[in-house]
Amino acid sequence: MSFPAQRPRRLRTGPAVRSLVRQTRVHPSDLVLPMFVAEGNREPVPITSMPGVYQHSFDSLRRAAEHATVAGVGGLMLFGVPTRRDSRGSGADAPDGVLNRALGRLRADLGDTTVLMSDLCLDEFTDHGHCGVLDDSGRVDNDATLQRYAEMALAQASAGADVVAPSGMMDGQVAAVRAALEEAGHTDTAILAYTAKYASAFYGPFREAVASSLTGDRATYQQDPANRTEARRELDLDLSEGADMVMVKPALPYLDVLSDVAATSDVPVAAYHVSGEYAQLEAAVDRGWLDREAAVLEALTSIRRAGAQFVLTYYADYACRLLDRTDRNHGE
């Protein structure tokens, strides 16, 4: 009787065997929860395009942050939504600005029980919605924006951020932030560089989350979705400028880029499972087309498998509790 010479199915025969030989795992500490705090909110306000995600008040942010920390998330990434905006994003580095106040309160509440990260970008704070200041012709002025980023970095580090994350894709942004931090004595503040941030259609729900005033697009500074090797050039620059960690954004549409970056980088690599990725999965779950638990774990596993050491995801809190239940069911 003939039979197959190789039987890979032997290693798939049951849950215990599959768990034993599993190459990629997702752990709660691999996950970072992005959170939004809106100035003037008295209660959390649902974001309609992102079911289950909120623009928090200061009080609800503190409760949700503690909840996520207890669940075991590896970190929190904060975004601020101010009530007033201007052309230079003045609220971004103001000590009493919404983001810096939130950082200070969470630092006081949580101590060193989690990694507190802050978005370092002007788009939430400018009345035009771009990630930098504009010149007289209406274009983003790269070098003038670097000065604003340096000022933001100092404000965020002073407020309590462990990690600042320049996300505007300005040339030289990591060097400008690193120099400002070092000169001010913030030598322990880490930089998470948005190394490969693409001009993606998957950011739509985020625009609602931060009440963006942007018209047009950001194609003159975010990367073209068609380009792959450009990400490696950006990586080399960020590493040479002093980045402590690097990131690819979005995640699932750019797993090839993530794999490239992970293969080359000698610092930790992150990926951002962005608002549009979250929204499309939730829409399919709502229609009964996908199983949420299975789809979330598969998506996060694929991002980790491609090379991300940690993942920013709006599912972080949910996934932590799901993983905890799965571990308990397996007796771990």
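Accessible areas here come from the Shrake-Rupley method with a 1.4 Å probe. On that basis, the protein chain in this predicted model exposes about 15300 Å², and carbon and sulfur atoms supply 49% of that area. The chain holds 11 helices and 10 strands, and 52% of its 332 residues count as buried.

**Overall shape**

- The C-alpha trace spans about 80 × 45 × 40 Å along its principal axes.
- The radius of gyration is 20 Å, which agrees with the value near 20 Å that a compact globule of 332 residues would have.

**The nonpolar core**

- In soluble globular proteins, nonpolar side chains tend to be buried together.
- The largest nonpolar core in this model has 102 residues, and those touching the most other members are Leu 31, Phe 36, Leu 76, Met 77, Leu 78, Tyr 149 and Leu 192.
- Strand S1 (residues 31–38) gives this core its largest share, seven residues.
- Leu 192 shows how such a residue is surrounded: leaving aside residues up to four places away in sequence, its contacts include Met 77, Met 117, Val 163, Pro 166, Met 247, Ala 270 and Phe 310.

- In helix H8 (residues 255–264), the buried residues are Val 257, Leu 258, Asp 260 and Val 261. These residues lie on the same side of H8, because they cover an arc of only 160° around the axis.
- That buried set of H8 packs against strand S7 (190–197), helix H7 (229–241), strand S8 (245–249), strand S9 (269–273) and helix H10 (292–305).

- The structure holds zero disulfides. Cys 121 is in none, although the sulfur of Cys 131 is 3.4 Å away.
- That distance is too far for a bond, because a disulfide needs the two sulfur atoms within 2.5 Å.
- Cys 121 is buried, with a relative accessible area of 0%, and Cys 131 is also buried at 0%.
- Thr 145 sits in helix H4 (residues 142–159) and counts as buried at 0% relative accessibility.
- Apart from residues up to four places away in sequence, Thr 145 touches Cys 131 along with Leu 122, Gly 132, Val 133, Val 140 and Met 170.

**Backbone details**

- Most residues other than glycine have a negative phi, and most peptide bonds are trans.
- Met 169 has a positive phi of about 60° although it is not a glycine. This residue is in the loop between S6 and H5, and it is buried with a relative accessible area of 6%.
- The peptide bond from Lys 249 to Pro 250 is cis, with omega near -5°, and Pro 250 belongs to the loop between S8 and H8.

Definitions and conventions: Residues numbered from 1 in each chain as written. Predicted model: local features only at pLDDT ≥ 70, side-chain atom pairs only at ≥ 80, totals over all residues. Heavy atoms only, no water. Buried < 20%, exposed > 50% of the residue type's maximum accessible area, 1.4 Å probe, protein only. Helix = DSSP H or I, 4+ residues; strand = E, 2+ residues; numbered from the N terminus. Arc of directions from axis to C-beta. Contact = heavy atoms within 4.5 Å. Core = buried A, V, L, I, M, F, W, Y, C linked by side-chain atoms within 4.5 Å. Rg over C-alpha atoms; globule rule 2.2 N^0.38 Å.
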